[in-house]
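Reader: I have a model open and want to talk through some packing. Can you put it up?

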Amino acid sequence: KAQLAERYWARLPSDLVFSRKAEIYEIEAASWQGRFYQDSSHMEYLDNAIRAWQRYQEHVANSSRTDLQKRASDAIANLQSIRERSK
């Protein structure tokens with residue numbers, strides 16, 4: 001669904017694009033994270049979650065929303081810590 005929504009950004013009013021992209025990227029990242037928590041034997045879920053949170057982080061880095069930037073940083077740090085412990 002996220003990929004489908006990305007195809008139609010141009011149809012959104014410009015003032016909504018940032019917030020909608022942030023929401024979609026966050027949901028995508030959280031869903032990968034949830035899939036990993038549900039079945040931690042699949043390390044590719046963890047890698048996908050980290051990549052998705054990094055994508056979210058890159059998106060919100062250009063905003064003045066420090067709360068969103070902190071959420072991304074915290075999630076990435078937590079997931080990378082899990083990856084290190086599982087090695």
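Reader: Trp53 and Tyr56: buried or exposed?

Author: Both Trp53 and Tyr56 are buried; buried means under 20% relative accessible area, exposed over 50%, and partly exposed in between, with a 1.4 Å probe and protein chains only. This is a predicted model, where local features need pLDDT of at least 70, side-chain atom pairs count only at pLDDT 80 or more, and totals for chains, interfaces and linings use all residues. Residues are numbered from 1 along each chain as its sequence is written, and side-chain values use heavy atoms, with hydrogens and water left out.

Reader: How many aromatic pairs are there in the whole structure?

Author: The search finds 3. Rings of Phe, Tyr and Trp (its six-membered ring) pair if their centres lie within 6.5 Å; planes under 30 degrees apart count as stacked, over 60 as edge-to-face and the rest as tilted. One of them is Phe36 with Tyr37, which is tilted because the planes are at 50°, with the ring centres 6.1 Å apart.

Reader: And what is the relative accessible area of Phe36?

Author: Phe36 has 5%, so it is buried, whereas Tyr37 has 46% and is partly exposed.

Reader: Back to Trp53 and Tyr56. Why is that pair edge-to-face?

Author: Because the ring planes are at 90°; the centres are 5.4 Å apart. Trp53 and Tyr56 are 3 residues apart in helix α3, so about one helical turn separates them.

Reader: What covers the buried residues of α3?

Author: The cover includes α2 (14–38) and α4 (66–86). Among the buried residues of α3 are Leu46, Ile50 and Val60.

Definitions and conventions: Helix = DSSP H or I, 4+ residues; strand = E, 2+ residues; numbered from the N terminus. Contact = heavy atoms within 4.5 Å.
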